[in-house]
Amino acid sequence: IAISLGIPIDGLGGTANSASIMQGIGWLLAKDALIDAAARERDVAAHELIGASVETAAEARRLLRSLIAARVVTTASRVAMDAREARSAIERSRLELGETSTAKLLGIERDALIAKFTLNAAELEEHELSVSLASILAVDPLPGLIDADIAVDLPPAVTSLEVIRARAQVARAEAMFASADSPLGADARAGGGFMRDLEGRESIAGTLEIGLPIFRRSYELQALRADADAAHAELAEAERLASIENDHARTRVSSARTNLALAVNG
């Protein structure tokens, strides 16, 4: 829709104005091709969704089996460590009674220390698998092996590069939707100029042009709204993965401190 108003500047009366309505018809002529291309794109997206779902389910089953096995190993390692610590306590009592030697006690305590290292490694492996499983499923971070003092040293959350990019994408998608949803359309233009007709009359003209996608407006808005919703979903997923990775980093710090303490005390 284009509206133009001319104001004479040559001292004569009267005003020049015009109004016109234009509609592009190229998309009407290419309607079948557009529908065919959209249908193909939809079919490809559907096949990709099925493939991704199958791969995710298979990987989740594999990780779940590995996680169950790791928990069995962790339980066995904990039982073995408790047994070796109990044996060390007994051996220390025997040494006080003179029924054993210091060398034998040191050997048993060494075995107990190795059992602690083994348990710590098993717990870390179990947590690694838990993090991997949580990463590919839409779930919150699984409970980790985090000591209370770790929370004092590390920040509660991490903003990753993926989160920053996702936030920028959300801003762009919302801006595009807001622009298309404007009452004046996405391509409203205003301008002015100087005109002189065939009779030599001069005037200053002001022009306003607005585009109203009447026929496809609802579909275009739905598509832009879907893009914005997808951007919000990607942001939520990026923040979830960043939280999981943060929890994983805390657990690695805790495990490293445990190993360091065992090595120093041992």
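**Contacts and surface**

Modeller: One to start with: the charged end of Arg-225 sits over the ring of Phe-177, 4.8 Å from its centre. That label needs NZ of Lys or CZ of Arg within 6 Å of the ring centre and within 35 degrees of the ring normal. Keep in mind that this is a predicted model, where local features need pLDDT of at least 70, side-chain atom pairs count only at pLDDT 80 or more, and totals for chains, interfaces and linings use all residues. Residues are numbered from 1 along each chain as its sequence is written, and side-chain values use heavy atoms, leaving out hydrogens and water.

Biologist: What pattern does the protein chain follow along the sequence?
Modeller: Helices (H or I, at least four residues) and strands (E, at least two) are DSSP runs, numbered from the N terminus. The protein chain has 6 helices and 4 strands. Read in order, the pattern is β-β-α-α-α-α-α-β-β-α.

Biologist: How many salt bridges does the count come to?
Modeller: The rule asks for a side-chain nitrogen of Lys or Arg within 4 Å of a carboxyl oxygen of Asp or Glu. Glu-91, Arg-94 and Glu-99 are linked in a network of such bridges. The count comes to 15.

Biologist: How far apart in sequence are the parts that Glu-209 and Arg-189 tie together?
Modeller: These two form a salt bridge, with the closest N and O atoms 2.6 Å apart. Glu-209 belongs to strand β4 and Arg-189 to strand β3 (residues 189-196), so the separation is 20 residues.

Biologist: Is Arg-189 buried or exposed?
Modeller: Buried means under 20% relative accessible area, exposed over 50%, and partly exposed in between (1.4 Å probe, protein chains only). Arg-189 has a relative accessible area of 56%, so the label is exposed.

Biologist: And which side chain does Arg-240 join in a polar contact?
Modeller: Arg-240 is in helix α6 and counts as buried because its relative accessibility is 12%. A polar contact is a pair of N or O atoms within 3.5 Å; within protein, one must be able to donate a hydrogen and the other to accept it, and residues adjacent in sequence count only if both atoms are side-chain atoms. At 2.8 Å, the partner is Glu-237.
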